[in-house]
Amino acid sequence: MTLETHIKEAIFENGTMNIADYMVLALTQPEYGYYMRKDPFGAQGDFITAPEISQIFGELVGAWLVTQWVMMGKPADCALAEIGPGRGTLMADILRATAKVKGFHESVSVHLMELSPILRQKQWTTLAGKHPNITWHMGFAEIPPKPLLLVANEFFDALPIRQYLHTKAGWQERKIGLDIKGNLEFIYEAAEPPEALAEEPISENIYEYCDAARAMAFVLANRISMYGGSALIIDYGYDHGNGDTLQAVRNHRHHNVLEEPGTADLTAHVDFNIITHAAAIGGCTVYGPVGQGFFLNRLGALERTAVLCEKATEKQKEAITSGIMRLTNADQMGTLFKALCIINPALPKPEGF
Ligand code: SAH
């Protein structure tokens, strides 16, 4: 059976499915979910992420985490955590870049939150020998309660959203049903929107709501407000926006969202506003979002590029420069991608914001 058949049967038996449930099945259903079946990253895969584009990304994030650790008074027992670590490239670069910082590696235990067995395996290989104390977790609650240094790159965009349409006749939810041939199709059903949306300016438009992002930001902030620490969230998304941002990508190309679920990556733009709001309720201060280009340049992306280029061949120089340009240029990943920091209120404004 394919996941598509499984979903069709579920709809046939139980009625329409909301988009969030569809996303959860398509991405993380244990047998057929997109992340559970294969390693989707890289030029040969379906998409490529910042740490896979340039090592400078992880090096700068590593330096940022060390600065936060110093600001926290160099706690001797800290959790260095990543949620949604992909291939483990970002954590490997962070650990390499921070290896020479006196006391840092000794003070942290490394925690990776990852659902996919295939990606866990990949992370294990990538990180072998990089730190003596690395553990994997299914959920955030398993990460031990102690001061936290956390990073999440392109994690929140994989969290399930629901979509609502506002019409003159009231709110409707965009859901998935079956057409007369039995194929998956989008349909609209009358619905009550979540409270947060009901306050939005009203227009004939699709509004998205990611309850999983709200919940994640809240528990993260709650942990940080009680035990100290900072979290750095980087992703593509909007500050105040609306419209349909649900998209499927396969082989670096757009793919029909309802076609062969489980074979394409399925994401939605991150609503940084929800995260900010939930983190504040969780007891933290929030900085950003700022553009990824602004953030990386503030941390010294150009200086680091120059240092790397000093010892490089012409061909390597070209690759190093084009990688960092891709991450920071406004017309590439520099402004659509944004950085946000959730931080204990006792700490000063972090670097890069
Ligand atoms: N941060 C990486 C990978 C981003 S892709 C990079 O920048 O390259 C999203 C990652 O989140 C994958 O590792 C995926 O398996 C993981 N993931 C997605 N949903 C998850 C969930 N609900 N819980 C834990 N991990 C999840």
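Author: The side chains of Arg214 and Asp211 form a salt bridge, with N and O 2.8 Å apart. This is a predicted model, in which local features need pLDDT of at least 70 and side-chain atom pairs count only at pLDDT 80 or more, while totals for chains, interfaces and linings use all residues. Residues are numbered from 1 along each chain as its sequence is written, and side-chain values use heavy atoms, with hydrogens and water left out.

Reader: Why is the contact between Arg214 and Asp211 called a salt bridge?

Author: The term requires a side-chain nitrogen of Lys or Arg within 4 Å of a carboxyl oxygen of Asp or Glu. The N to O distance for Arg214 and Asp211 is 2.8 Å, so the pair qualifies. Both residues lie in helix 10 (residues 211–227), three residues apart, about one turn of the helix; helices are DSSP runs of H or I with at least four residues, strands are runs of E with at least two, and both are numbered from the N terminus.

Reader: What makes Glu173 count as buried?

Author: Buried means under 20% relative accessible area, exposed over 50%, and partly exposed in between (1.4 Å probe, protein chains only). Glu173 has 5% relative accessibility and is therefore buried. Its salt-bridge partner is Arg162, at 2.8 Å from N to O. Arg162, at 31%, is partly exposed.
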